[in-house]
Amino acid sequence: MRPYSAAVRATLPDDTRWLMQLAPPVGYSPDFLTPTAGSCAVDAGIEAVLSTPAESLRADLEQLDRRHHLDPRTHLLAGGDVATLDSLGDALRAYHGHALAPIWDEVRAVVDADRAVRARSFLDSGCEGMLASLHPTISWTPSVLSIESRFPQRDVHLGGQGLVLVPSYFCWERPIMLRDQSRTPVLVYPIARDLHVTSTGKRSLEALLGRTRAAALEVIAGGCTTTELARRLGISAASASAHASVLRDAGLAVAQRHRNSVLHTASALGVELLA
């Protein structure tokens, strides 16, 4: 992923380079760039960024200004200048088209797989078990979430106010707590990198033609282990594993290890095919 990021930075269109100042590769990035409400659609996410309340926008950028020297355009943004907000929206759309659209199906697939794993962990071990399994640097003692970092350990006292979890494809090494604790606490955590996602190939797609494999994709869309897939289809575990492998190789499914089993989920392409 790092070579990919370096290649993206080297070829960024000029109208997107402003974003590098707003989201430095190291250190604090403004919370308003990580909206947590509403649809996951790109346009809706950008609209959520542009609809940030003026006081939050100003507070986030003042925090950034303490660490980095900001140019005049960013100071206009902190003041809520309409034209500058419009240019931010244009930059975000251009950046998405250049850097994210080419790999968006893969991003969606691995994030969906992680969500399925978290849901399964919650069903197996409850809220406490799910939180404890998020990342090795996270520990949970009822109502206190502790996060180890390069700085002194941070304790977040939830006190019943809830916690928003944001799985991140691009977050590396350690989870991040958003700074603004006036709202429901938000934890951004890195998703597992041992996911198996491959590109779609014509031969693999042709191999999908058949009643059993189509039924396997339907079962996998709801999230299941290999053993559960075999039981639902009435076939052996070896056959279930083979069907899941073909679906995965075709880019229609994603597999992630969960404890002593492998959890299968449909990729974005698989869901679209079923629809």
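## The strand sheet

Strand E2, spanning residues 144-147, pairs with strand E3 in the antiparallel sense, and four bridges join the two. Within this pairing, Val 144 has His 157 of E3 as its bridge partner. The structure shown here is a predicted model, and these pairings are to be read as features of that prediction.

Seen as a whole, the sheet is open and is formed by three strands in the order E1-E2-E3, with antiparallel pairing. Its edges are strand E1 (138-141) and strand E3 (154-157), each of which pairs on one side only. On average, and with direction ignored, neighbouring strands of this sheet are turned by 20° against each other.

## Helices H3 and H6

Helix H3, covering residues 42-50, packs with helix H6, covering residues 82-100, at an angle of about 150°, and their axes lie 10 Å apart. Because angles over 145 degrees count as roughly antiparallel, H3 is roughly antiparallel to H6. The crossing of the two helices is right-handed.

On the H3 side the contact is made by Val 42, Asp 43, Ile 46, Val 49 and Leu 50, while H6 contributes Leu 85, Leu 88, Gly 89, Leu 92, Arg 93 and His 96. Sorted by class, the contact of H3 with H6 holds seven nonpolar, two polar and two charged residues.

## Confidence of the prediction

For the protein chain the mean pLDDT is 80, and 87% of the residues reach 70 or more. Among its elements, helix H11 (residues 237-249) has the highest mean pLDDT, 92, whereas helix H8 (residues 202-207) has the lowest, 51. The pLDDT is below 50 over residues 194-202, a stretch that has 26 contacts in the model beyond near neighbours in sequence.

Notes. Residues numbered from 1 in each chain as written. Predicted model: local features only at pLDDT ≥ 70, side-chain atom pairs only at ≥ 80, totals over all residues. Heavy atoms only, no water. Axes fitted to C-alpha atoms, helices over the stretch in contact; angles between N-to-C directions. Parallel < 35°, antiparallel > 145°, perpendicular 65-115°, else oblique. Left-handed = near helix turned anticlockwise from the far one by under 90°. Contact = heavy atoms within 4.5 Å. Nonpolar A, V, L, I, M, F, W, Y, C, P; charged D, E, K, R; others polar. pLDDT = per-residue confidence, 0-100. Pairing = 2+ DSSP bridges.
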